[in-house]
Amino acid sequence: MLRYVIRRLVVIPVMLVGISLLSFLAIHLAPGGPISVAADLNPKATAEYRERMVRYYGLDQPLHVQYGRWLVRMSTLDFGPSFAPDGRQVSDKIKERIPVTLTINVLSMGLIFLVAIPIGIYSAVRKDSWFDRISTVTVFTGFAVPTFWLALLLMILFGVKLGWLPISGLVSLEHDSLSLAGRFWDRARHLLLPVLLAGFGGLAGMSRYMRSNMLEVIRQDYIAAAKAKGLGERQVVLRHATRNALLPVITILGLSVPDLLGGAVIFETIFAIPGMGQLFYQGVMARDVPLVMGILVIGAFLTLIGNLLADVGYALADPRIRTG
Amino acid sequence: MTGGDGTVLSLTDIFKHFPVRRSFFSRETLRVHAIDGVSLAVPAGKTVGLVGESGCGKTTLGRVALRLVEPDSGKILFLGQDITALAGEEMRRTRKMMQIIFQDPYSSLNPRMRVGDIVGEGWLVHGIAGSREIRELAERLLLRVGLSADAADKYPHEFSGGQRQRIGIARAISLSPKLVVADEPVSSLDVSVQAQILNLLKDIQEEYGMAYLFVSHDLRVIRHMSETVAVMYLGKLMEVSPAEEFFGNPLHPYTRSLLAAVPMLGGAPREKIVLRGEIPSPVSPPPGCRFHTRCFMARKLCEEVCPPLREAAPGRMAACHFV
């Protein structure tokens with residue numbers, strides 16, 4: 001087991017280099033460049049100014065030299081300064097934003113777990129019941145509805161029409177003047193819609209996945225055996241069936257990390273939440289190469305770690321892998 | 001502890017139909033006639049062999065007997081008690097005395113439980129032993145079925161098919177049941193292992209004195225195991241006879257065709273009967289006698305009237321108009 005983990009850990013840097021190379025090429029293949037806003041779209045910019053900018057950012061070098069320099073710096077976790085006018089370090093920018101995104105993602109994962117898994121179990125155990133049918137239809141509707149559209153609808157309903165929830169940002173203007181409980185409540189209100197929407201797609205998928213796992217497990221003979229031993233239905237479902245049906249879910253959880261990060265770009269932009277998704281969106285729009293690269297590498301790293309944790313978790317939970 | 005007449009299990013007029021839904025929106029219309037009015041008794045300490053082609057309902061009947069599948073109608077008497085509608089705590093207590101051995105040694109053991117826990121869970125559930133004693137009891141039982149004591153600490157995937165079937169047997173006998181439904185217990189094993197498992201089942205029956213409802217499609221296995229043989233075809237019983245007479249002088253034309261199909265070395269030359277056609281679909285079984293579409297003795301009457309299972313010779317039952 002330890003050797004397996006070490007082997008996987010060794011591969012991670014190699015994967016990261018590959019991912020970063022592809023990302024780097026993709027950025028440079030995309031139309032527009034980091035200086036197009038400052039130079040190309042500015043009628044007053046002279047050729048000399050443009051020349052100076054290009055040299056300043058090192059864009060006059062061949063691509064492989066640019067990438068090589070970036071890679072050397074990255075190996076010391078230095079992503080360099082952002083191309084944005086403020087010129088701050090990319091790592092600082094990411095550092096101050098990553099907690100927001102992680103918080104929302106962890107909360108929405110918790111939500112997915114708490115809601116989707118019981119729904120999946122119950123609709124499998126009571127297959128073809130009214131509950132199962134209604135949840136099936138709801139889930140497929142959930143699959144079909146684009147999250148950004150649903151987000152806008154919910155903003156209109158709860159934010160504008162009913163006025164129950166704030167529609168953007170993380171905190172209210174008067175946040176600092178509130179009591180401790182008040183601040184908590186303020187934040188919770190701001191987080192409610194984003195967390196709900198971040199988890200929405202996963203909720204639909206996970207409950208469906210859990211249902212089919214459960215149906216698969218329930219028809220196994222050892223479930224009948226458990227019943228024959230005289231266990232009650234609750235014990236059969238929870239002790240024997242659910243534990244086996246939950247196994248594959250661990251893998252899905254690891255695989256869902258990139259989805260959550262990708263989703264963050266959309267809902268953070270919609271809700272004006274100062275997280276990594278919004279930062280990424282702004283970086284892409286401004287062709288801020290160091291910033292985009294930095295976020296991509298961190299996203300890739302989180303994804304690889306997520307997958308590794310999922311595989312290790314699976315191995316720990318499944319005796320067939322543990323000893324085999 | 002048996003019914004008045006020495007039977008552990010007595011099934012009366014059991015029906016079980018499974019609805020088949022064609023699509024998400026359609027209402028159930030088709031029904032698979034898995035069991036269509038079956039009555040069968042299993043005497044205490046004896047073995048009743050239930051034989052039939054695949055899909056004839058024999059596995060379902062075994063599960064209905066233990067109420068792992070609920071019958072649509074009919075009555076299940078177990079140790080003289082009507083358990084057809086027994087629920088909750090009472091049913092769970094009854095389960096202690098009725099166990100099952102499955103066909104597939106792979107899907108029948110929970111992959112995430114240690115063998116000791118699989119075998120011993122029944123004792124915990126029924127409060128027979130605490131978690132500390134279970135370990136020792138499980139080891140003793142595993143030794144009894146021919147495994148080593150340290151098997152208790154292992155997981156099912158570490159064993160072969162035959163060994164897993166031994167674990168399944170240990171689980172089934174752990175509660176000293178009065179009735180064990182053995183659902184094709186050797187069908188998925190190699191022939192050499194089959195014999196070992198069958199002998200183990202016989203030895204254990206002698207030791208514990210339980211009755212078997214032994215389900216199989218293999219007539220040789222049935223012959224080796226059973227005192228009584230029941231033949232099932234498309235959800236109905238065709239013949240119920242003591243084993244000796246069953247194999248020596250089969251009554252029902254279906255039974256005769258089945259026995260004619262068993263390959264055997266030496267012995268007296270037997271009649272040659274070739275079954276015509278395929279087994280009809282249990283979704284729309286033929287009217288009249290279920291077997292008339294393939295029967296070499298079929299006449300007009302068979303297409304219209306379903307023959308009841310009746311005493312055709314002393315101590316023998318057959319469902320045919322002409323025997």
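**Notes on the predicted complex**

1. Of the 324 residues in chain A, 32% are buried, a residue being buried if 20 or more other C-beta atoms lie within 10 Å of its own, exposed if 12 or fewer, and partly exposed in between, with C-beta atoms placed from the backbone. The model is predicted: local features need pLDDT of at least 70, side-chain atom pairs count only at pLDDT 80 or more, and totals for chains, interfaces and linings use all residues. Residues are numbered from 1 along each chain as its sequence is written, while chains are lettered from A and ligands numbered from 1 in the order in which they are written.

2. Confidence. The predictor assigns the complex an ipTM of 0.85 and a pTM of 0.80. For chain B the mean pLDDT is 89, and 94% of the residues reach 70 or more; pLDDT is the predictor's confidence in each residue, from 0 to 100. Where pLDDT is low, the predicted coordinates should not be read in detail.

3. Architecture of chain A. The secondary structure of chain A consists of 14 helices and 0 strands. Helices (H or I, at least four residues) and strands (E, at least two) are DSSP runs, numbered from the N terminus. The C-alpha trace of chain A spans about 85 × 55 × 40 Å along its principal axes. Among contacts in chain A with a separation of 6 or more, 69% join residues 24 or more positions apart; two residues are in contact if their C-beta atoms, placed from the backbone, lie within 7 Å.

4. Nonpolar core. The largest nonpolar core has 145 residues, of which B:L179, B:L213 and B:L237 touch the most other members. Such a core is a set of buried Ala, Val, Leu, Ile, Met, Phe, Trp, Tyr and Cys residues joined through C-beta atoms within 7 Å. Helix α8 (residues 180-218) of chain A gives the most to this core, namely 12 residues. Leaving aside residues up to four places away in sequence, the contacts of B:L213 include B:L9, B:V42, B:L179 and B:V181.

5. Interface. Contacts between the chains involve 16 residues of chain A and 22 residues of chain B. On the side of chain A that touches chain B, α9 (221-228), α10 (233-255) and α14 (319-323) each supply at least two residues, and the largest share, 6 residues, comes from α9(A). By class, this side of chain A has 6 nonpolar, 5 polar and 5 charged residues. Here Ala, Val, Leu, Ile, Met, Phe, Trp, Tyr, Cys and Pro count as nonpolar, Asp, Glu, Lys and Arg as charged, and the others, Gly among them, as polar.

6. Sheet of chain B. Two strands pair if DSSP finds at least two bridges between them.

7. Strands β10 (residues 236-242) and β12 (residues 316-318) of chain B run antiparallel and are joined by 2 bridges; B:E239 stands opposite B:A318 in β12(B). The pairing of β11(B) with β12(B) is likewise antiparallel, over 3 bridges, and B:E311 has B:M317 in β12(B) as its bridge partner. Which residue in the turn of the hairpin formed by β11(B) and β12(B) has a positive phi? That residue is B:G315, with a phi of about 75°, and 2 residues lie between the strands.

8. Backbone points to check. Most residues other than glycine have a negative phi, and most peptide bonds are trans. A:R287, although not a glycine, has a positive phi of about 50°. A:R287 lies in the loop between α12 (276-285) and α13 (289-317) of chain A and is partly exposed, with 19 other C-beta atoms within 10 Å. B:S176, also not a glycine, has a positive phi of about 45°. The loop between α5 (161-173) and β7 (179-183) of chain B holds B:S176, which counts as partly exposed because 13 C-beta neighbours lie inside 10 Å.

9. A glycine in a loop of chain A. A:G58 is in the loop between α3 (47-56) and α4 (63-74) of chain A. Residues up to four places away in sequence aside, A:G58 touches A:Q66 and A:R69.
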